[in-house]
Amino acid sequence: MMRTSDLIASASRALRSNPLRSALTALGVIIGVASVVAMVALGAGAQAQVERSIASLGSNLLIVVPGAQRSGGGVRAQAGGGMGWDTLTMDDAEAIVQLEGVVAVAPSQRARTQVIANGLNWNPQVEGVTPDYLVARDWRIASGRMFDETEERQARRIVVLGATVANELFPNIEPVGQTVRMNGGTFEIVGVLESKGQSGFGMDQDDIVLAPLTTVKRRISGRRGRADTVSQISVKAESEDALGTLQQDVETLLRQRHRTREGEDDFTVQNLSSITEAAAQTTQVFTYLLGGISAVSLLVGGIGIMNIMLVSVTERTREIGLRKALGARQGDILRQFGLEAVTLSVAGGIIGLIIGVAGAWLMTSLFTLPLVISGWHAGLAIGFSALVGVLFGAYPAWRAAKLDPIEALRRE
Amino acid sequence: MASLIQARDLTKLYRMGDETVHALAGVNFDIARGEYCAIVGPSGSGKSTLMNIIGGLDTPTSGRIVIAGNDIGAMADDDLAVFRNQTIGFVFQSFNLLPRMTALENVELPMIYGGIAPKERRERAAALLERVGLGARMTHRPTQLSGGQQQRVAIARALAGNPALILADEPTGALDTNTGKEILALFGRLNREGATVVLVTHDHEVAAATKRTIEMRDGHIVSDRINGGTPRHDAHL
Ligand SMILES: Nc1ncnc2c1ncn2[C@@H]1O[C@H](COP(=O)(O)OP(=O)(O)O)[C@@H](O)[C@H]1O
Ligand SMILES: [Mg+2]
């Protein structure tokens, strides 16, 4: 029985005796592992991006907007009267609250206005909202507080800032307690939102200011349109399963209230979760596809190892015969050649992993995706390359072990 | 003295299509511990076949051969490997040294398969190289050594497992006459120091350097005599 240390020494001696050949043989596995690692990391990055945007939009969310959806996906204003954007009202929102499976309903009114503080100007998205908006959209407060319903009804001059706005206008001091000026009025900052980061559509979601809905209606967006219209109603369902039914219920309810028929709707209910989920699934399939294609190149690397090991067994037939004559058992020869193959493939796997991570880093920074590389990926790459070594090294090693020493010694 | 090798009705058949070659056609002999013995005969007489069986590289078709208590015909592959490692020291016509290893590493090789620890292995290999007169050549590679020196390394390697039997197949076949004589003298010395040596040759002059000659022809033993004396135990013929 051979000692493990001697086994390793003899395998490494054999590989070092022909370094160029060993390197070229490992190259197949290097390329295979590098591309698997890079592709899977790229796909996982894209997937993480999409998943992040699902979470940031708010889960189990329906968004009701005025105007009908065209088949192309855009939203068309109702024809006639220029009333197309004024079809959703606070009363619609209150009616939706009565539906089954609803957790939160948050009507909101969007306004564009400059925000001024510390002599700095900023142009965020300003949303007039009710306190339930935080629940519906999965926002959290980082510091301070959200305004309550009473403050909302009283149209108080208070705001909650998104992280970007807070950073831009108050780079050095705590914004809570400070004031900003909007549309000529002064507003007290009562809270700052936790950051959500970029949305999947490349929009900075933190570039936002939340003010009480009544405040926005009365003091910022002015008296355009009817006093009780809103630009959006966010509806949070109690579960993902309830989402589909709730969407239909909302549509039916609004058709009754607006006296429209299907196909002539003056509103659109968007199920964002299902859209982004489909996108996430697509990227996942994409990841598997890329990984699969790369795995084929790893397979080719394995065949390269098998090829070279078979050549090596043929070249070293006499050596194998001698080793057997001197007392090597079949297992000793099997392990020696098997270890050579596994060493080649694992060394290739480690180098490939390094190159793959570098490649993934390059590509994700090129596409501004998050770099997702887990220990799990690394372990899988190394484990898979070891498996390739075992699978493709087994046959040549078995051939070597089974050689007849008399025949082998007779060989020139 | 108890026999080291005991061969009874040993046959080895090779089937070549319809034809059957009797490489060994019923061979009987005994070799005792401490003997220095040559197996001679013309090409094709069955010498190599016999040597492969004695060395545990091959098994007989029928008959029985027991070497140092090992019944060769009844042993499994791995047991034969251990037998070769522990009981037999091979010396080949073409030396069969591994070219990338030093003399010392070549001598260590059988001890690697014997599971002997590196330190002990190295010390023992060095001592053996001293014993065959190559103390100054330990780190040389085979290509840096003459034929005679290479065969000395091979003999040191054969001694590494402290074998009961040294088995040499045409050990002088690749050497010039003088170098061949030196190698035979080395075998003679090892034999005087207690080693049992069996060498296979087609050369009667080489055989004459040993103490006993077993002559083969067409798979049979045709004579078995003490060199410089009269034929011995004809009973087995
Ligand atoms: N592997 C084999 N297959 C078929 N015939 C063989 C084989 N090995 C040896 N023989 C035959 O057996 C006979 C004895 O061969 P061998 O033992 O090599 O003789 P020697 O060593 O005395 O020259 C020869 O006729 C040879 O052709
Ligand atoms: Mg022969």
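Domain bounds, as used here, come from an automatic or database domain assignment. On that basis chain A is divided into domain 1 (4-54 + 278-410) and domain 2 (88-265). The structure is a predicted model, in which local features need pLDDT of at least 70, side-chain atom pairs count only at pLDDT 80 or more, and totals for chains, interfaces and linings use all residues. Residues are numbered from 1 along each chain as its sequence is written, and chains are lettered from A in the order in which they are written.

**Domains of chain A**
- The C-alpha centres of domain 1 of chain A and domain 2 of chain A lie 55 Å apart.

**Overall form of chain B**
- Chain B contains seven helices and ten strands, where helices (H or I, at least four residues) and strands (E, at least two) are DSSP runs, numbered from the N terminus.
- Chain B is as compact as a globular protein of its length, because its radius of gyration of 18 Å is close to the 18 Å that the globule rule gives for 237 residues.
- The radius of gyration is taken over C-alpha atoms, and the globule rule is 2.2 Å times the number of residues to the power 0.38.
- The C-alpha trace of chain B spans about 50 × 40 × 40 Å along its principal axes.

**Contact of two helices in chain B**
- In α3(B), residues including L104(B), V107(B) and M111(B) meet residues of α4(B), among them A125(B), L128(B) and L129(B); contact means heavy atoms within 4.5 Å.
- The residues of this contact of α3(B) with α4(B) comprise nine nonpolar, no polar and four charged, with Ala, Val, Leu, Ile, Met, Phe, Trp, Tyr, Cys and Pro counted as nonpolar, Asp, Glu, Lys and Arg as charged, and the others, Gly among them, as polar.

Terms used: Side-chain values use heavy atoms; hydrogens and water are left out.
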